[in-house]
Amino acid sequence: MAGPTPRRVDPDVDLRVPEDRGELRAHPAVVLGVIAAGGVLGALARAGVQAAFPHPPTGFPWATFGVNVSGCLLIGALMAVVTAGRVPPLTRPFLGVGVLGGYTTFSTYVVDVRQAALAGAAGTALAYLVATLLGALAAVWVGDAAAARLLGRATGSHAHPTTPGPAGPDGARADGGPA
């Protein structure tokens, strides 16, 4: 089936693009290497924050909350930049999967909720459960929107690069990115 080439979402490997499917098989060690290096850096940063701000079992885990919300903010911003196509290859695997994947810790979030509930702080557990979910979702949205706005200013366009623009008089949709 012939048609327009799909717009790349990932500068490294976009599995919707036929040529990229072979790339994934051709260089798996490089991709895994940058993910591992980024993961080490992200995990060290998270461990440092959690060590600096410990919490009692019945207290609100501010360190983990801050790590997860700030990580989601950065993931949103990174995805806006990656989607705009202004990053070199291996940026997403290193920063997105590696650094931010190692930095955020939603498994610790669940363990913290469980520990607070078992320690008799059901209110803290419920507040933390809801606040993290809502905070993480809002942070991704804010990170994406802020980065897209900044990218639009940098190029002179104020349109969001990841969403299609309004339909023109011929019914065609603008890309939303710079012309």
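This is a predicted model: local features need pLDDT of at least 70, side-chain atom pairs count only at pLDDT 80 or more; totals for chains, interfaces and linings use all residues.
**A buried threonine and a helix pair**

Thr-83 counts as buried, because its relative accessibility is 16%, and buried means under 20%. Thr-83 lies in helix 3, and a polar atom of its side chain is found 2.6 Å from the backbone oxygen of Met-79.

From here we can turn to the helix itself and to a partner that it packs against. Two packed helices are described by the angle between their axes and by the distance between those axes. Helix 3, which runs over residues 62-84, packs with helix 5, which covers residues 106-118, at an angle of about 145° and with the axes 10 Å apart. Their crossing is left-handed. On the side of helix 3 the contact is made by Thr-64, Asn-68 and Cys-72, which meet Phe-106, Thr-108, Tyr-109 and Asp-112 of helix 5. Sorted by kind, the residues of this contact comprise three nonpolar, three polar and one charged.

An unreviewed UniProt entry carries the annotation "transmembrane region" for residues 29-53, 59-82, 94-111 and 117-143. Two of these spans can be described further from the model. In residues 59-82, 88% of the span is helix and 0% is strand, while the C-alpha atoms at its ends lie 37 Å apart. Residues 117-143, for their part, are 89% helix and 0% strand, with 31 Å between the end C-alpha atoms.

Notes: Residues are numbered from 1 along each chain as its sequence is written. Side-chain values use heavy atoms; hydrogens and water are left out. Axes are lines fitted to C-alpha atoms, for helices over the stretch in contact, and angles run from 0 to 180 degrees between N-to-C directions. Helices (H or I, at least four residues) and strands (E, at least two) are DSSP runs, numbered from the N terminus. A crossing is left-handed if the near helix is turned anticlockwise from the far one by less than a right angle, and right-handed if clockwise. Contact means heavy atoms within 4.5 Å. Ala, Val, Leu, Ile, Met, Phe, Trp, Tyr, Cys and Pro count as nonpolar, Asp, Glu, Lys and Arg as charged, and the others, Gly among them, as polar. Buried means under 20% relative accessible area, exposed over 50%, partly exposed in between (1.4 Å probe, protein chains only). A polar contact is a pair of N or O atoms within 3.5 Å; within protein, one must be able to donate a hydrogen and the other to accept it, and residues adjacent in sequence count only if both atoms are side-chain atoms. UniProt positions are given in the numbering used here, feature names are shortened, and annotations may be inferred rather than shown by experiment.
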